[in-house]
Amino acid sequence: MAVDKLAGTGAIFFLITLAGFLIVFGVQYRNMTAANERLTILITRTAMFLPLYSFFMLISLAAPKALGAMQIPIAFVEGYSFYCFLAVLVENLGGPAKAVEALQGRPLICCTSQCPTEPDKLYNKVVWAVFWFVSLRPAVVILSAICDYSESNGAKVAYLLFSLVAFAILVRSTIHFVLFCKCSTPVFCFFWFLTDVLIDCVL
């Protein structure tokens, strides 16, 4: 019986990510205390992204016709992981109010006009961007998946349009999220300098 090499590679990647998640899960909960319980839960939920994503991609590699349908759970997993990672950052900073204070303590200087000058406006933009990513993008992906399985030319055009909208939401959410990370967390400042240049090229 012939084995699909691509699907086999996907299976190996899934097992590696699953093992990595189990290690993270064990380490996090071994060191969990009452003080860091919420942060530990959020980190563990964020770490679920890779094994879940690789699992759905494995199904797509094993059965290529399922790729359209697999985009739906992948969109939900991406959105939830995005939300959990933002929640980890905000929780680590001490909550929404402390997050805004952290932004106030840093110059909001970037090469792109997409970066607001007021810390509270930047924070609100990030929250809304993540909300769109969690709620609107999966809905658009569902519509694109439905159109993908249709044989009509109109459905193919609709599939392309819905895919472009989903991609636009992804880019917008990522830009605002990157700006928040760069402005609120010192370790991100140098790394995200190059991101500003790329953002200006895109916009």
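How do H3 and H4 run relative to each other, roughly parallel or roughly antiparallel? The legends below take that up, after an overview.

**Figure 1. The whole chain is a predicted model built from helices.** Local features are taken from this predicted model at pLDDT of at least 70 and side-chain atom pairs at pLDDT 80 or more, while totals for chains, interfaces and linings use all residues. Residues are numbered from 1 along each chain as its sequence is written, and side-chain values use heavy atoms, with hydrogens and water left out. The protein has 8 helices and 0 strands, where helices (H or I, at least four residues) and strands (E, at least two) are DSSP runs numbered from the N terminus. Along the sequence that reads α-α-α-α-α-α-α-α. Of the 203 residues, 36% are buried (under 20% relative accessible area; exposed is over 50%, partly exposed in between, with a 1.4 Å probe and protein chains only). Take the contacts (heavy atoms within 4.5 Å) with a separation of 6 or more: 69% of them link residues 24 or more positions apart.

**Figure 2. Here H3 packs against H4.** The angle between H3 and helix H4 (residues 67–93) is about 175°, and their axes sit 9 Å apart. Axes are lines fitted to C-alpha atoms, for helices over the stretch in contact, and angles run from 0 to 180 degrees between N-to-C directions. H3 and H4 are therefore roughly antiparallel (over 145 degrees; under 35 is roughly parallel, 65 to 115 roughly perpendicular and the rest oblique). On the H3 side the contact includes Phe49, Leu52, Tyr53 and Phe56, and H4 brings in residues including Leu67, Met70, Pro73 and Ile74. Sorted by class, this contact has 11 nonpolar, 2 polar and 1 charged residues. Nonpolar covers Ala, Val, Leu, Ile, Met, Phe, Trp, Tyr, Cys and Pro; charged covers Asp, Glu, Lys and Arg; the others, Gly among them, are polar.

**Figure 3. This view follows H4 to its end and the glycine after it.** With 27 residues, H4 spans 38 Å from first C-alpha to last, close to the 39 Å expected at 1.5 Å a residue (1.5 Å times one less than the number of residues). Next comes glycine 94, with a positive phi near 105°.

**Figure 4. Helix H2 (residues 37–47) meets helix H3 (residues 49–62).** Their axes are 5 Å apart, at an angle of about 20°, which makes H2 roughly parallel to H3. Arg45, Thr46 and Ala47 from H2 touch Phe49, Leu50 and Pro51 from H3. That contact counts 4 nonpolar, 1 polar and 1 charged residues.

**Figure 5. Cysteine 84 of H4 is shown with threonine 44 of H2.** The two are 40 residues apart in sequence, with 9.2 Å between their C-alpha atoms. Cysteine 84 is buried at 0% relative accessible area, and threonine 44 is buried at 5%. Leaving out residues up to four places away in sequence, cysteine 84 touches Leu42, Arg45 and Thr46.

**Figure 6. Serine 173 sits in helix H7 (residues 153–184).** Its relative accessibility is 1%, so serine 173 counts as buried. The serine 173 side chain reaches the backbone oxygen of alanine 129 at 2.9 Å. Setting aside neighbours within four places in sequence, serine 173 contacts Phe82, Ala129 and Phe133.

How values were computed: Polar contact = N/O pair within 3.5 Å; in protein donor to acceptor, adjacent residues only side chain to side chain.
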